[in-house]
Amino acid sequence: MTFHFETVKDVNFYHLVENCDSCYEKGSVRVYPSGCILQKHFKQYAMEIKNFKVYSDDIWVISYPKSGTTWTQEMVWLIENNLDFVTARRTLQRDRFPFFEVKCALLRDQKTLHPLQMIDCLKRPRFIKSHLPVDLLPAQLWTVKPKIIYVVRNPKDVAISYYYHHRLMHGYRGNINTFVEIFLSGNVAYGPYWRHVLDFWKLRDEPNVLINSFEDMKKDICSVINKTSRFLGRTLNEDQVTALAQYLSFESMKNNSSVNFHNTGPDNEVIDFIRKGEVGQAPDELEPDLIERFDAWSSRHLRDTDYHGSL
Ligand code: PPS
């Protein structure tokens, strides 16, 4: 596998550089083949990530950003840790289930000796979150074959959630319609949505891959808990499933400081990380014309595919 790095020069990407306080910088790179957009220091870690040592008892939760990652991580961690709700509430999720590439691709942290070392040295079994697309992930994921749970969410809700995330985390000063246009062009962090999702969709029959959807979790969390437990080789009784479903409810997660936090956006609005958690937010958030173009964009990308996940 060889990577090709291209400096992102698009005007709408520069809109994000100028209107965000973090995450976007001049010199950010688009990494091919998938076109994933990451900060320029990713170049020095791309091969190390590709060669990163994977263990068969690792558990990876992978997604395009804002697809229900945190929700899935909490479900998976609790299934694997005998429903230890006390430790889950007491310990920040990012310490129990760290974000693999965050310091290699997004934040620069001078204090860290080596950004992958912390992940490398995690107590096993390791719980690892990533938003990297298939082509940038460690190659051993496909030879050692640890359990991977990929979560998808319909792209309009992803784009809307990503907009609020940019206000919360990066002080984004632009408006939602502008942001969604940039999302459609693939010029946001992590790049093109459909490439990310479809590359994983092709792997859905791999025995070590489970694809869940945000929409199924909303509709029937107990079924998703059962399906995920079976995939992980665990059995939960009915009372345990009910208790976990309660812990994973939107209200409960919103009131849980190991996963939720809030910040003030650029217009002094208070934004929670666990913000709204709904399916089908587009009619309240986007202009009808943009929704139409969004749907046409999805149809174009899904032509000649057998995708029947979140739409
Ligand atoms: S991140 O930053 O990429 O890791 O974000 P991610 O965790 O993937 O997605 C955040 C969105 O998931 C929603 N969420 C939930 N919805 C319903 N129920 C529960 N329990 C829940 N937990 C997280 C969260 O609110 C974000 O979606 P939006 O639409 O912004 O509310």
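Residues are classed by relative accessible area as buried (under 20%), exposed (over 50%) or partly exposed (in between), with a 1.4 Å probe and protein chains only. The model is predicted, so local features need pLDDT of at least 70 and side-chain atom pairs count only at pLDDT 80 or more, while totals for chains, interfaces and linings use all residues. Residues are numbered from 1 along each chain as its sequence is written, and side-chain values use heavy atoms, with hydrogens and water left out.

With a salt bridge defined as a side-chain nitrogen of Lys or Arg within 4 Å of a carboxyl oxygen of Asp or Glu, the count comes to 18. One of them joins Arg204 to Asp306, with closest N and O atoms 2.8 Å apart. Arg204 lies in the loop between α10 (193-201) and β7 (209-213) and Asp306 in the segment after α16, 102 residues apart; helices (H or I, at least four residues) and strands (E, at least two) are DSSP runs numbered from the N terminus. Arg204 is partly exposed at 26%, as is Asp306 at 46%.

Lys156 and Asp295 form another salt bridge, their closest N and O atoms being 2.5 Å apart. Lys156 belongs to helix α8 and Asp295 to helix α16 (residues 288-302), so the pair ties together parts 139 residues apart in sequence. Lys156 is buried, with a relative accessible area of 17%, whereas Asp295 is partly exposed at 34%.

A salt bridge of 2.7 Å (N to O) also links Asp21 and Arg173. Asp21 is exposed at 60% relative accessibility, and Arg173 is partly exposed at 41%.
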